[in-house]
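Subject: Structure handover

Hello,

Here is the structure I said I would pass on. My notes on it follow below the display.

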Amino acid sequence: MRYPITEIASAIGAPATRLADDNAVVSQLLIDSRSLSSPAETLFFALRTANNDGHRYVDDLYSRGVRNFVVETLAGIECRRGDANFLVVTDTLDALQSLATFHRRRFRHLPVIGITGSRGKTTVKEWLYQLLGDDYRIVRSPRSYNSQIGVPLSLWDIDDDTSLAIIEAGISTTGEMANLQAMIRPTMGVITNIGAEHNDGFTSMQEKAIEKAKILFNCDCIVYCADDRYVQQTIKPMLEVDVARECAWSMGGANAAIRVTSAMVEGGKSTITYEYEGATNTIEIPFATDRDIENALTCLAVMHLLDVKPDVIAERMARLTPVGTRINVIEGVNNCTIVADGYTSDYNSLTPALDFMSRRAGSRPSTVILSDIAPDVYSGDDLYHHVSEWLCSKHVSRLLGVGPEMMRYASHFDGMNARFFADTAQLLAQMSQGDFEDETILVKGAPEFDFGQILDMLEVKQHQTVEEVDLNALAHNFKFFKSKLKPTTKTVAMVKASGYGAGSYEIAKTLQDRGADYLAVAVQDEGVELRKAGITMPIIVLNPSIVNYKAMFLHDLEPEVYSLEECRELIKEGAKCGVKNHAVHIKIDTGMHRLGFTFEQLPELVELLSGQDILKPSSVFSHLCVADEPSQDDYTRSQFEYFDRCCKVLQDSCEHHLMRHILNTTGIVRFPEHQLDMVRIGIGLYGIKTIFDGAEDTLQPVSSLRSVIISVKEWPAGTTIGYGRHGVLTRDSRIATVTIGYGDGFDRHFGNGAISMWAGGKRCPTVGNVCMDAVMIDITDTDCRIGDRVEIFGPHIPVEELSEARGTIPYEILTSVSPRVKRVYYRE
């Protein structure tokens, strides 16, 4: 849609408006400067968040052609006197939501499905898109755009050609759903389920159910699972006053419009027989998990409410395709980085995928391998014209288009370095690994194109043990610790030891995007690698046994200074390199007795620093050694007191402010009154709890270690398994061989039943000694097969279990995973 800027000003109530061009027209809304594509008709909302402030990017966007802005203040904006339009409001988020509400009311007769729930929202939305796409021109939320910011952006895509909108609504605490409901104004409300996911902001499951149910207000009809007691209890009052037409479903015999009489799972498919309005019908879906069956039944209820005929429903259900919500980042051949997007192949999902790729690419060349795009917001020539514009705006170096539609509309990409192929087989026949080098590659294709073959060609061949790194969980954990801090308190994110074994670059990139102020590494080489990979934020080197001072200064790494000898050496080498005012961080030994200055050494340090301009202290810090042991809190308090004394001496000697930081992961939670200017977040970022009183229970594990079964054999009782014949079977058993061993960092002490792995939905103990490249597990009580995945640690097997079995700490387990184990990074 296109709106005059004057109409938008009126819609968002912007009385303090400065219009340089009142004839301007807006068609694009922007909240992230990195996602700019069409500057001429873009309206940028300068949102303030806990980690960032959009006002900082106004001048940059102006230089890139944007002329329309919604801001809270003009202070500090250099371009305010230029030819730009500024709509000045009290709250830019409120303004964004007001514009979305205004836009939605323009289409007051449009049917809108609003979907909420603890899980399954995105899958249900995408499946409804697949199931109803032949009947409606659908606008739907991109990916998981279901927040206070995402919903307004989703609604903006509605236009005069839209005949159905499907919008997700996600909440994290009470008081949020009313805003979303007012914007979405759904005519049909869908609650997928109420589960334990995202419980942080609620005091009880019932409170969460009540909040989510607010999306149902004023709906013409509602869909829910009658077996979910929280949902049932919450919506019962609505049904009693007959405010909506309902279509509930049940697999447990509850009173519901759709009653499932049987659900048979076989060969990866599910056959579901159900009763609806006195008739018995059957559908088959190409999925076998309980969650997929539940999501399919929710879609079934929606389709019946929309009066789709049972035979049409059955035909469409049978051809449902998986919804890949992950974007994976994988190491590729020839120093390439692969961004594999398994989400739907349409314009709606292309834009966030390109954003993700361009942020990962930095200054490196980028290639996009793209299949035919499903018609969505645009179609035909219009669709591929917009795709071309997006690729150009992201400075894509090369396009490899696959499919008849890509070939048909190839002329839209004439200005690019582009090649086109009729199908995946033709691409593989004409290109090889040698055609890709030192670049970032986005691979995004519809399921029917089987782009897995392309990934097989491009991915570095490593064995089947994989460490999966959940970047969403990392962001969640960072947000958890940020919520404990004052707005002015800065953060240092620890990425030493290659991000605690998870790989430092992707971890660092995610933390940089989330607003961390500093990174901290253990050694200089780790910092240099991050700089070479494109990380620009300040990096502290905590254990600077420096042999190459020139590299440290060149890459702007900030060392800790822990001794007079080191300080003198840094000054001497800095003078050789012509360095001035290089940032350093003064370490105080308050009780760890490892490294750092004592109070008595400070006068000499002050004298040394005051007589030079090579080094400039940026902060002073120390380590707590027993913050996680309440019985020794007196010692911790003595560290705080000692640190305060030292800080005063150093600050009195400096004309500039010295930042102070002493709190670690545990300290942030237990001693918030001592957060000072900055805190350091370590193992907690990776989802490992350091205290067990419930305060850190919402942390999410970031890393999961998985492997696969390569052999299954049946052996009688008394058979011995493995080297040394230490594994003796006490019963007739099925023994699986898993491709992980001590060569992968899987400790030899984990053999002979010391730990269990998760396979086939159950715990399976190890049998016999651990080998270099393999270990055996007992799968007698499961239905495992060759090729099945096995979890060594992750959601079902906490890494703490392995550390307890080994008599060590989780740090050691995480950092022991061998470099030969492939790391796969993903974001939902």
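**The mixed sheet**

Nine strands make an open sheet with mixed pairing, in the order β9-β10-β8-β11-β12-β13-β14-β15-β16. Its edges are β9 (138-140) and β16 (279-285); each has a single partner strand, so one side of each is left without a neighbour in the sheet. On average, neighbouring strands here are turned by 20° against each other, direction ignored.

Before going further, note that this is a predicted model, in which local features need pLDDT of at least 70 and side-chain atom pairs count only at pLDDT 80 or more, while totals for chains, interfaces and linings use all residues. Residues are numbered from 1 along each chain as its sequence is written, and side-chain values use heavy atoms, with hydrogens and water left out.

Some terms also need stating. Helices (H or I, at least four residues) and strands (E, at least two) are DSSP runs, numbered from the N terminus. Two strands pair if DSSP finds at least two bridges between them. Axes are lines fitted to C-alpha atoms, for helices over the stretch in contact, and angles run from 0 to 180 degrees between N-to-C directions. Contact means heavy atoms within 4.5 Å.

Within this sheet, β11 (residues 188-191) and β12 (residues 221-225) pair in the parallel sense over 3 bridges. Met-188 stands opposite Cys-221 in β12. Helix α4 (residues 121-132) packs on the sheet and touches β8, β9 and β10; its direction makes about 165° with that of β10. Helix α9 (residues 290-305) lies across β8, β11, β12, β13 (245-250), β14 (258-266), β15 (269-276) and β16, and runs at about 150° to β13.

**Helix α6**

Which residues of helix α6 (residues 177-184) are buried? They are Met-177, Leu-180, Gln-181, Met-183 and Ile-184. They cover an arc of only 165° around the axis, which puts them on the same side of α6. The arc is that of the directions from the helix axis to the C-beta atoms. Buried means under 20% relative accessible area, exposed over 50%, and partly exposed in between (1.4 Å probe, protein chains only).

The cover over the buried residues of α6 includes α3 (92-105), β8 (112-116), α5 (150-155), β10 (164-168) and α7 (205-213). After α6 comes Arg-185, whose phi is positive, near 45°.

**The parallel sheet**

A further open sheet has 8 strands with parallel pairing, in the order β30-β29-β28-β27-β26-β25-β24-β31. The edge strands β30 (659-661) and β31 (678-681) each pair on one side only. From one strand to the next, the twist averages 30°.

Strand β24 (residues 490-494) is joined to β25 (residues 518-521) by 3 bridges, and the two run parallel. Ala-493 stands opposite Leu-519 in β25. Helix α21 (residues 564-576) lies across β27 (557-561) and β29 (615-621), at about 150° to β27. Helix α23 (residues 633-652) also packs on the sheet, where it touches β28 (582-587), β29 and β30; its direction makes about 160° with that of β29.

How do α22 and α23 lie against each other, and at what angle do their axes cross? The axes of helix α22 (residues 602-610) and α23 come within 10 Å and cross at roughly 25°. The two helices are therefore roughly parallel to each other; angles under 35 degrees count as roughly parallel, over 145 as roughly antiparallel, 65 to 115 as roughly perpendicular and the rest as oblique. The contact is made by Leu-602, Leu-605 and Val-606 of α22 and Cys-646, Val-649 and Leu-650 of α23.

**Loops**

Most residues other than glycine have a negative phi. Asn-334 is not a glycine, yet has a positive phi of about 55°. Asn-335, also not a glycine, has a positive phi of about 60°. Asn-334 lies in the loop between β17 (327-331) and β18 (337-341), and Asn-335 is found in the loop between β17 and β18. Asn-334 counts as partly exposed at 39% relative accessibility, whereas Asn-335 is exposed, with a relative accessible area of 54%.

Gln-464 is in the loop between α15 (452-458) and β23 (466-470). At 48% relative accessibility, Gln-464 counts as partly exposed. Leaving aside neighbours within four places in sequence, Gln-464 is in contact with Arg-706, Ser-707, Val-708, Ile-710 and Thr-739. The C-alpha atoms of Gln-464 and Ile-710 are separated by 9.7 Å, with the two residues 246 apart along the chain.

Regards
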